[in-house]
Structure formats: structure tokens, C-alpha cells
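Please examine the model shown below.

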Amino acid sequence: MFQFNTKIAKWFFEPQNYVIGKDRVEIITNPNTDFWQRTYYGFRNDNAHVLYNKTDERYFSFTVKTEFNSKELFDQCGIVIYQNSENWVKACVEFHDNNTSWLGSVVTNHGYSDWATTDIGASVKYMWYRLSRRESDYCLENSFDGVNFKQIRIFHFFEGNKEIKFGLLACSPSKNSFKATFTEMNVTDCLWKEHKA
């Protein structure tokens, strides 16, 4: 099994300030950064910070712990698959106000984004994520303790059937910055078990 390798990781929209270590990545987000494509709002944003690896491995799970001091509307920290501007997936905590943040996920297939959220407290400042792949089908999960994971969503990714670019996501759609920290980045055999009907 391969590993998430920070030494060979590449940027999509490199932030001005960051630190990359063997087992830790810190990103200070640039203002006015985000991902979105068309649906409902009509606008298109394609400049979130992504640090990614490539793989053509068709069965694996990627787990990471995120920590963040987000404080402005829609500040985001999480995980991502980014193929190109019109085909990408993200799962992240998005800041809303001093009472609420959203645990959200977006799947963008062929230029149109969806958005699924659930409310969590704004006091939440860390989250574990797990992305699992079974060929062109994927499962996103989250955990508050790094042990007990719960399903966020299962989805089919049309442009995710061969090599994918996956990794870490942080962005600030407003005119502010915050620090996002990523640790415990592990790639394992697929932990999303096969469903036998």
C-alpha cells in the first residue's frame, strides 16, 4: 500500500504561507479562496488551496486529522479529490457564526456542484475524515475522536475512475485568513467494506 507523501505532494493554488513537514502540514489561507461550480448561485470559484498526491490505486482509504481556528463565514478545512475545475469533491467543516458550523460535503460532477450539510457547534475546532475508494465509487466519513467514524455520504464520481488527485483542503471565501493544520495522514487498505446484496 502507498502512503500520503508530503515530500512529493503538489499544490493547486499554493497559499502564500504554509509549512510542510513529514507528518504535519500547516496552511494559512489566502482571503477570497473557495470552490464552487454554477448550481443555484450561478457563480464559479476555483481557487481553494489543495495539497495533493496522485494515485491510480482503486481500493484504499485515506484518513487525516484536521485542526482549525476558522472564524469567518464559510472558512473551510477538510479533504478533497480535485481532478479539474469541473470535477472535484470536498468534505469539510465550514464556519457559519459564533454558534454554528456546518459539517459539509460537495460533489461536483461535470461542472455542477451539490451541497449537503449538517449543523455542528462552532466550538468544534478539529475533525477526522476518511475517504474510501472502491473503483469509481467513494465513501466519505467523519469522526470526532479518530476512532468512531460515521458516514457523511456515498457517491459515484464520473471522472474518478482512473488516476485521482486527493489530499488536503483549506480556504477562506471572505476577506480573512485562518490556520488549518493536518496530521495523522494515513493511507490503508480500503476500510469501506464491500456490500454483497
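Why is strand E6 (residues 49-55) largely enclosed by the rest of the structure? Six of its seven residues are buried, so the rest of the structure largely encloses E6. Buried here means under 20% relative accessible area, exposed means over 50%, and partly exposed lies in between (1.4 Å probe, protein chains only). Strands (E, at least two residues) are DSSP runs, numbered from the N terminus. The model is predicted: local features need pLDDT of at least 70, side-chain atom pairs count only at pLDDT 80 or more, and totals for chains, interfaces and linings use all residues. Residues are numbered from 1 along each chain as its sequence is written, and side-chain values use heavy atoms, with hydrogens and water left out.

Strand E6 pairs with E1 (residues 10-12) through three bridges in an antiparallel arrangement; pairing requires that DSSP find at least two bridges between two strands. In this pairing, tryptophan 11 lies opposite leucine 51 of E6. E6 also runs antiparallel to strand E16 (residues 164-171), to which seven bridges join it. Here lysine 54 faces lysine 165 of E16.

On the surface, a nonpolar patch is formed by Tyr40, Tyr41, Phe43 and Trp115, which together have about 490 Å² of accessible area. Patches consist of residues with over 30% relative accessible area and no salt bridge, with like charges joined within 9 Å and nonpolar side chains (Val, Leu, Ile, Met, Phe, Trp, Tyr) within 5 Å. A salt bridge is a side-chain nitrogen of Lys or Arg within 4 Å of a carboxyl oxygen of Asp or Glu. Accessible areas come from the Shrake-Rupley method with a 1.4 Å probe, and for residues only the protein chains shown count as cover. Tyrosine 40 belongs to the loop between strand E4 (35-37) and strand E5 (44-46), and its relative accessible area of 75% makes tyrosine 40 exposed.

Alanine 122 occupies the loop between strand E12 (116-121) and strand E13 (126-134). With 7% relative accessibility, alanine 122 is buried. Leaving aside residues up to four places away in sequence, alanine 122 touches Phe95, Asp97, Asn98, Asn99, Thr100 and Ser101, where contact means heavy atoms within 4.5 Å.

The structure contains zero disulfides, a disulfide being a pair of cysteine sulfur atoms within 2.5 Å. Cysteine 92 is buried at 0% relative accessibility; its sulfur lies 6.7 Å from the closest cysteine sulfur, that of cysteine 171, and is therefore too far away for a bond. Cysteine 190 is also buried, at 14% relative accessibility. Its closest cysteine sulfur, in cysteine 139, is 8.5 Å away, too far for a bond.

Key: Helices (H or I, at least four residues) and strands (E, at least two) are DSSP runs, numbered from the N terminus.
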